[in-house]
Amino acid sequence: MTAPLTPPHQPPNDSVPPDGWPAPYPPMPGDDGVPNTVTELRQAAVVAVVSAVAGAALGLLWFWLAPRVSLISDGKAVFLRHSEGEAAIGADGTFVLLALAFGAVAAALVFLFHRHGGVALVVGLAVGGVLGSLLGWGVGTLLGPTHDVVTRAKEVGPNVVFDAPLKLEMWAGAMLAWPIAAMIVHLALTALFGPRDPEPEWPQTDAPGKAPQT
């Protein structure tokens with residue numbers, strides 16, 4: 001005869017099923033504050049639209065702050081007043097700096113209002129940044145001096161300084177400044193201050209045949 005594993009004076013361990021396997025872990029709570037897919041897509045669409053509309057403010061600031069390129073005509077041709085001037089590069093730099101600031105602010109606002117945001121919100125930030133940059137580019141060039149330089153030179157007359165059209169020499173890179181800044185700032189904020197998944201509380205189980213701890 002063999003002695004039973006559980007002495008008669010100790011209660012059996014109910015946490016261990018008869019087959020010897022430990023009890024299954026409890027399910028994680030279902031409501032953790034994370035929005036569902038439909039809600040997240042709707043939030044991403046709103047972020048993209050608001051960012052695109054904010055591009056108008058980017059265009060206004062660019063038109064106001066960008067340095068001007070001075071032109072002059074001799075009655076036959078149009079020339080740069082200062083051939084060594086850096087105003088053209090300054091216009092590009094002003095646009096890029098403003099776009100970086102707009103992207104950082106947009107990412108901070110999205111993180112502030114949607115801390116549980118996922119990939120869809122990041123995509124919304126990127127798409128909205130590109131659309132906002134395009135709108136800002138269009139608004140700035142529309143409000144700036146005319147692109148018909150020849151007609152403008154005839155209007156002001158020879159030996160009279162006038163402003164060149166406001167344009168971007170490196171437009172492709174300038175269009176990416178806003179979305180890149182938005183994604184980097186949002187990623188950094190999420191990594192530093194984003195919500196953490198709660199640690200599950202697993203039940204304490206005893207090995208088969210061992211008396212439970214009291």
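Trainee: In which sense do strand 1 and strand 3 pair?

Mentor: This is a predicted model, where local features need pLDDT of at least 70, side-chain atom pairs count only at pLDDT 80 or more, and totals for chains, interfaces and linings use all residues. Residues are numbered from 1 along each chain as its sequence is written, and side-chain values use heavy atoms, with hydrogens and water left out. Strands (E, at least two residues) and helices (H or I, at least four) are DSSP runs numbered from the N terminus, and two strands pair if DSSP finds at least two bridges between them. Strand 1 and strand 3 (residues 162-163) have two bridges, and their sense is antiparallel.

Trainee: Let's go to the largest nonpolar core. Which helix gives the most to this core?

Mentor: A nonpolar core is a set of buried Ala, Val, Leu, Ile, Met, Phe, Trp, Tyr and Cys residues joined through side-chain atoms within 4.5 Å; buried means under 20% relative accessible area (1.4 Å probe, protein chains only). The largest one has 23 residues. Helices 1 (37-65), 2 (87-113), 3 (119-143) and 5 (171-193) each give two or more. With eight residues, the top giver is helix 2.

Trainee: How far apart in sequence are the parts that Trp62 and Phe95 tie together?

Mentor: Rings of Phe, Tyr and Trp (its six-membered ring) pair if their centres lie within 6.5 Å, with planes under 30 degrees apart counted as stacked, over 60 as edge-to-face and the rest as tilted. Trp62 and Phe95 are edge-to-face, at 5.1 Å centre to centre and 80° between the planes. Trp62 lies in helix 1 and Phe95 in helix 2, so the parts they tie together are apart by 33 residues.

Trainee: How many residues apart are the parts tied together by Phe102 and Trp178?

Mentor: That aromatic pair is tilted, with 5.4 Å centre to centre and 50° between the planes. Both Phe102 and Trp178 are buried. Phe102 is in helix 2 and Trp178 in helix 5, so the separation in sequence is 76 residues.

How values were computed: Buried < 20%, exposed > 50% of the residue type's maximum accessible area, 1.4 Å probe, protein only.
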